[in-house]
Amino acid sequence: KTIQLANSSAVYELLSPDLNRNIEFLSITLEPNEPASEGLIGHEGEECGLVLKGEMLVKYGDQEYILKEGDSIYLDSRTPHRFINIGTERCISIWAMTPPTF
């Protein structure tokens, strides 16, 4: 299942077999200089991501983290956050999120 939000070029691909589980597994693809969403977004749950290709800026509350290939991060999803591709190539990352939101 592929999901593309109306206000973003980010592509979300559901890697879990279904949403009837406690954890959702996603691939997120961002084009260069593209955010995954407009503004910071907070929601219930937790998420953990791994950058497979490219670079990503993670805005997390009032902090910022730059992730490169092989870097990972854990987030309490209630803290407003946003992902932005700051590199010159497509950024591909894998995320485990709980509870499922897509």
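Rings of Phe, Tyr and Trp (for Trp, the six-membered ring) pair if their centres lie within 6.5 Å; planes under 30 degrees apart count as stacked. The model is predicted.

**Exercise 1.** How many aromatic pairs does the structure hold, and which class does the geometry give?

Solution. Step 1: the structure holds one aromatic pair. Step 2: the ring centres of Phe83 and Trp95 are 4.5 Å apart and the planes are at 25°, so the pair is stacked. Step 3: Phe83 lies in strand E8 (residues 81–85) and Trp95 in strand E9 (residues 91–98), so that the pair links distant parts of the chain, twelve residues apart. Step 4: both Phe83 and Trp95 are buried.

**Exercise 2.** In which sense do strands E5 and E6 pair, and what joins them?

Solution. Step 1: strand E5 (residues 56–60) and strand E6 (residues 63–67) pair in the antiparallel sense, over five bridges. Step 2: Met56 has Leu67 of E6 as its bridge partner. Step 3: the two strands form a hairpin with two residues between them, and Gly61 in the turn has a positive phi of about 65°.

**Exercise 3.** Which residues have the most contacts inside the largest nonpolar core, and which elements give two or more residues to this core?

Solution. Step 1: this core has 18 residues, and those with the most contacts inside it are Ile28, Leu30, Met56, Val58, Leu75, Phe83 and Trp95. Step 2: strands E2 (11–14), E3 (24–30), E5, E7 (72–76) and E9 each give two or more residues. Step 3: beyond its neighbours within four places in sequence, Leu75 is in contact with residues including Val58, Phe83 and Trp95.

Terms used
Residues numbered from 1 in each chain as written. Predicted model: local features only at pLDDT ≥ 70, side-chain atom pairs only at ≥ 80, totals over all residues. Heavy atoms only, no water. Phe/Tyr/Trp six-rings, centres within 6.5 Å; stacked < 30°, edge-to-face > 60°. Helix = DSSP H or I, 4+ residues; strand = E, 2+ residues; numbered from the N terminus. Buried < 20%, exposed > 50% of the residue type's maximum accessible area, 1.4 Å probe, protein only. Pairing = 2+ DSSP bridges. Core = buried A, V, L, I, M, F, W, Y, C linked by side-chain atoms within 4.5 Å. Contact = heavy atoms within 4.5 Å.
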